[in-house]
Amino acid sequence: MFSVNINFLRLPGNYLFSTIAGKVNEYKQANPDKSLISLGIGDVTRPLPPAVISALHSAVDEMADASTFKGYAPDGGYAFLREAISKKDYAPKGVDISPDEIFVGDGAKSDSGNIQEIFSPNAKIAVTDPVYPVYVDSNAIAGRVGFFDEIEEKWDNLIYMPCTADNCFAPQLPGDKPDVIYLCFPNNPTGSTIPKSELQEWVDYANTIGALIIYDAAYEAYISSENVAHSIFECEGAKTCAIEIRSFSKNAGFTGTRLGFTVIPKELEYNGVKLRDLWARRQGTKFNGAPYIIQKAGEAVYSDQGQKEVRELVEYYMENARLIRETLDGMGYTVSGGIDAPYIWMKTPEGVDSWGFFDRLLTEANVVGTPGSGFGPSGEGYFRLTAFGTHENTKEALERIKRL
Ligand SMILES: Cc1ncc(COP(=O)(O)O)c(C=O)c1O
């Protein structure tokens, strides 16, 4: 008789953003006259850059002509895009990543959720706390993190690396020895980064204990501090212990267009097995490639015009980040993030927990944010606001928060 994957039943409640959407819809239905401003989910609001739109149009025309029509994309992505990534993202940082170490996919959520399929079923996982939920849930569905303790709000076979104000939101090397360590910098949700020298310590640690680092660099474009690495491969020895995942969502506005990539160096191997080959096999089995049209759009991001337009987009959102950070700070809130990342992580007022603050902001200011506790137990007492709104909405949301 059929039985389901019981690991799904062990997942606590809904995906965070589905819970938020449910609460917001309920409030909207009960208060149809209220206009809500969302600084909640990390979705962009600016349109795609003109260079990307133009590439999309011409790629569509190619698909309309039998002589230029494209069917299935090559495994791992088209050479034109993989070469552009290698030349424009990595070479300028002094990092030698060859096109065949780059696997183009449909975004960092899929890749960061699917990458665990190449781990042993018994791999011991370490995550920062708070954390982007996909890393935990994908390993939970695979049965790797044990049972969820509703009281502690923790999985019993997962290593949590707390990131709080006490450690400037930077994880410390864990006491228990992990097999896989998920790191994300600039960080979602805390908006924090660590200096390259600290990232180097993680690389050295992983190489020493034989662990694998999954490095999520989805927000790399937001780094402005000189001492923060854009890629983990800027660290010495990273090619023997790290996989890097990137996205076109937050730099170029591809959240609804879908494109990302994963870098697995040829040197990365454990017991003689190259992880690059395993991922190639996984993708070859389950993925038929990102659409040609979208890969052409991705290539346009790397043109001179595309790069200029992406920088303008990032600057637009970072102006919101500055405004949110400075306004909240001026109001006496304790805030962090928002310097090298489009997220502002604020402490909730004394005596108000994360969901309490969410409810208060929703009902009294009609502003939607994200409760820190939704990202892990150490997120309790914090709240995340994103800089991805329009300037107008961001200003209006801050005015409303001021009136609370
Ligand atoms: C840390 C992190 N990784 C990955 C993603 C997903 O990116 P994509 O749109 O490429 O799937 C997000 C999206 O919010 C994110 O915050």
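In this predicted model, the face of helix H12 that is turned away from the buried side carries the exposed residues Thr-363 and Glu-364. The buried residues of H12 are Ser-354, Phe-357, Phe-358, Leu-361 and Leu-362; seen down the axis of the helix, these fall within an arc of 130°, and they therefore line one face of H12. Such an arrangement can be read against the geometry of an α-helix, which has 3.6 residues a turn, so that residues three or four places apart point the same way. The buried residues of H12 pack against helix H2 (16-30) and against strands S15 (367-368), S16 (370-371) and S17 (382-386). The length of the helix was also examined: at 1.5 Å a residue, the 12 residues of H12 (residues 354-365) should span 16 Å, and this agrees with the 16 Å that separates the end C-alpha atoms. Just after H12, Asn-366 adopts a positive phi of about 55°.

Two of the strands against which H12 packs, S16 and S17, also belong to an open sheet of 4 strands, in which the order is S13-S14-S17-S16 and the pairing is antiparallel. Strand S13 (335-337) and strand S16 stand at the edges of this sheet with a single partner strand each, so one side of each is left without a neighbour in the sheet. The antiparallel pairing of S13 with strand S14 (residues 343-347) extends over 3 bridges, and Trp-345 in S14 is the bridge partner of Ser-336.

The ligand is surrounded by 14 residues, of which Gly-107, Ala-108, Lys-109, Ser-247 and Ser-249 are the closest. The shell divides into 4 nonpolar, 8 polar and 2 charged residues, and helix H5 (residues 108-114) gives the most to it, with 3 residues.

Several backbone features were found in loops. Most residues other than glycine have a negative phi, and most peptide bonds are trans. A cis peptide bond with omega of about 5° joins Asp-129 and Pro-130, the latter being placed in the loop between strand S3 (125-129) and helix H6 (133-141). The peptide bond from Asn-188 to Pro-189 is likewise cis, with omega near 20°, and Pro-189 lies in the loop between strand S7 (180-184) and helix H7 (196-209). Positive phi values occur at Glu-153, near 55°, in the loop between strands S4 (148-149) and S5 (154-155), and at Arg-258, about 75°, in the loop between helix H8 (249-252) and strand S10 (260-263). Glu-153 counts as partly exposed because it has 14 C-beta neighbours inside 10 Å, and Arg-258, with 18 other C-beta atoms within 10 Å, is partly exposed.

Note on methods. Residues numbered from 1 in each chain as written. Predicted model: local features only at pLDDT ≥ 70, side-chain atom pairs only at ≥ 80, totals over all residues. Near = placed C-beta within 6 Å. Nonpolar A, V, L, I, M, F, W, Y, C, P; charged D, E, K, R; others polar. Expected span 1.5 Å × (residues − 1). Buried ≥ 20, exposed ≤ 12 C-beta atoms within 10 Å, placed from the backbone. Arc of directions from axis to C-beta. Contact = placed C-beta atoms within 7 Å. Pairing = 2+ DSSP bridges.
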